[in-house]
Amino acid sequence: MTMVIPSGMPQYADAPRLDVAKIRADFPLLDREVNGHRVVYLDSGNTSQKPRQVLEAVREHYERHNANVARSVHTLGTEATLAYEGARQKVATFIGASSAEEVVFVKNATEAINLVAYAFSNASTDPSADPRFRLGPGDEIVITEMEHHSNIVPWQLLCQRTGATLRWFGITDNGRLDESGVDTLINERTKLVSMVLVSNILGTANATSRIRARCREVGALLMLDASQAVPHRSVDVVGYDCDFLAFTGHKMLAPTGIGVLWGRGELLAAMPPVLGGGSMIETVRMEGSTFLPPPARFEAGTPPIAQAVGLGAAVDYLTGVGMDAIAWHEKELTTYALEALATVPGLRLFGPQVPVGRGGTLSFDLSGVHPHDVGQVLDAEGVQIRVGHHCARPTCVRFGVAAMSRVSLYLYNTTEEIDALIAALGKVREVFD
Amino acid sequence: MQLDQLYQEIILDHYKKPRGRGLREPYEVQVRHVNPTCGDEVDLRVHIEGDKVVDVSYEGMGCSISQASASVLYELVVGRTVTDALSRVDTFTDMVASRGETEPDESVLEDAIAFAGVSKYPARVKCALLSWMAFKDATAQAVATSAVGPRTSAVGPGAEGGDR
């Protein structure tokens, strides 16, 4: 039976679409074989593959425009600077930032989070620093049990250095964030809440509104780790109304070595520098120095120029396909994968069991076969998945396992690849049963 | 690459029916070794009398390769002199790190030659070596403190030498 949707309402055909065959043709790697099989790449949560358009942009930069940025009067230096700053503007537009000056280029999301942590650290030993960044005994930082190690360890280290206390939200049995303690966990002592937008291991897409509202009530800052969100769905920093947002380029079709810290302009301006060196100074005297405004203040040394250009090209590519179309494609694939995985005997899926409030990251246990063994047998069938603790050991511990097997989907994946995964999981049972 | 090079019958047999598993007393040193990339862990005890490895007992969680290699280790080294056992550990280490370049000697390694296939899978070498490195570490500590004599729970409750 077909439901008729009244005219004037959004129709099924209005769903944003992408042509997956056309997209796959842009990714040379998807053509190769692995162990005698056409590669089935289901590890984009780890790092994404790169389209020709990005590879071309990086090559063209090196072949035609290569020079250092922000310090040369010559033509090549000007071209390189324009390309680097152009990439910054593209990223700003992509995440809805009000200005390109709010986009700090870093190495990866880990560095973005550490940059904020060390800014807090530096402010804490400087009595004249902005009090919002000053930490000491009695102050609290709040994270969640669902975080990647990169959003746990920098805060543990910061708390060790400053005497502040680290607290965290737990995870429900369904793999959702347990927000029940929000009013006590986040309180007048809380200086910063840092949480993941989409879990890299459970796939959970976290709601932020209650936590954000509580942060505003008590005057705490809110940082979002959007590493698994920005590549997959439209993320708007104004919409999220956060204070800092971190993500990395290599998970969103760009090269490795380039990541982004977005910060609210007035906050970045109030933050002390972290790395000192060239490109971040205003005046250097032997007695002391003054520093440039953001983003340059946080970009000491020669930055990853070609990688930034590659990130700009990746943003163009994703925008061309359309983030809503990508999100919809992944939602359909996730629905298909959830139903298919449910047919595998002995498979236990961790995290949300329904394709709502989750991304296309699916972690599971296969009847006690160690994930390394699952990954090895799948590899022999050409199927590339990630196995291990996924840099989220506390989440594994929460669900009572040492490791998980993880499938992570992206815009170039197909239902045929999920079929190949299911068939390969059958081989695992043949070897170990 | 052929999967059955890696998952040989001998390995699957040791994985499904591990020999010598379970922590036993007496022992001189207990160590815990961890593979940080996957979280696999092994707790391993050695009991040495004079220059002889009298017992190796272990407990842990991990993949088939790491679990089977602990079982194979137990069978290979128990009853041998410390020098002989450590020399076989070195031979095993060389074999699995060789990228398939060395010809394993069955008279030295016995069932452990089944792990020659692991050397072609660099991502799995650490799995195969986990318990062997733990044994090497524990034995070195036991030899260094050999004057102390064996520990039992009655003598030293919860006694744990090694790198916790």
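The model is predicted. In chain A, helix 11 and helix 14 pack at an angle of about 20°. Chain B has six helices and three strands, and 41% of its 164 residues count as buried.

**Helices 11 and 14 of chain A**

- Helix 11 spans residues 323–341 and helix 14 spans residues 415–432, and their axes lie 10 Å apart.
- At about 20°, the angle falls under the 35 degrees that sets the limit for roughly parallel, and the two helices of chain A are therefore roughly parallel to each other.
- The crossing of helix 11 past helix 14 is right-handed.
- Helix 11 of chain A contributes L333(A), Y336(A), A337(A) and A340(A) to the contact, while helix 14 of chain A contributes T415(A), I418(A) and I422(A).
- By class, six of these contact residues are nonpolar, one is polar and none is charged.

**Helix 3 of chain A**

- Helix 3 runs over residues 75–94, which makes 20 residues.
- From first C-alpha to last, helix 3 of chain A reaches 28 Å, close to the 28 Å expected at 1.5 Å a residue.
- Its buried residues are A80(A), A83(A), Y84(A), A87(A), R88(A), K90(A), V91(A), A92(A) and F94(A).
- An α-helix has 3.6 residues a turn, so residues three or four places apart point the same way.
- The cover over the buried residues of helix 3 includes helix 2 (52–65), strand 4 (103–106), strand 10 (259–263) and helix 10 (305–321), which belong to chain A.
- After helix 3 of chain A comes G96(A), which has a positive phi, near 70°.

**Contact between chains A and B**

- Chain B supplies 13 residues to the contact and chain A supplies 14.
- On the side of chain B that touches chain A, eight residues are nonpolar, four are polar and one is charged.

**Chain B**

- Read from the N terminus, the order of elements in chain B is α-α-β-β-β-α-α-α-α.
- Among contacts in chain B with a separation of 6 or more, 65% join residues 24 or more positions apart.
- Strand 1 of chain B, residues 29–35, holds V31(B).
- V31(B) counts as buried because it has 25 C-beta neighbours inside 10 Å, where 20 or more are required.
- V31(B) and T81(B) are separated by 50 residues in sequence, and their C-alpha atoms are 20 Å apart in space.

Conventions
Residues are numbered from 1 along each chain as its sequence is written. Chains are lettered from A and ligands numbered from 1 in the order in which they are written. This is a predicted model: local features need pLDDT of at least 70, side-chain atom pairs count only at pLDDT 80 or more; totals for chains, interfaces and linings use all residues. Axes are lines fitted to C-alpha atoms, for helices over the stretch in contact, and angles run from 0 to 180 degrees between N-to-C directions. Helices (H or I, at least four residues) and strands (E, at least two) are DSSP runs, numbered from the N terminus. Angles under 35 degrees count as roughly parallel, over 145 as roughly antiparallel, 65 to 115 as roughly perpendicular and the rest as oblique. A crossing is left-handed if the near helix is turned anticlockwise from the far one by less than a right angle, and right-handed if clockwise. Two residues are in contact if their C-beta atoms, placed from the backbone, lie within 7 Å. Ala, Val, Leu, Ile, Met, Phe, Trp, Tyr, Cys and Pro count as nonpolar, Asp, Glu, Lys and Arg as charged, and the others, Gly among them, as polar. A residue is buried if 20 or more other C-beta atoms lie within 10 Å of its own, exposed if 12 or fewer, and partly exposed in between; C-beta atoms are placed from the backbone. The expected span of a helix is 1.5 Å times one less than its number of residues.
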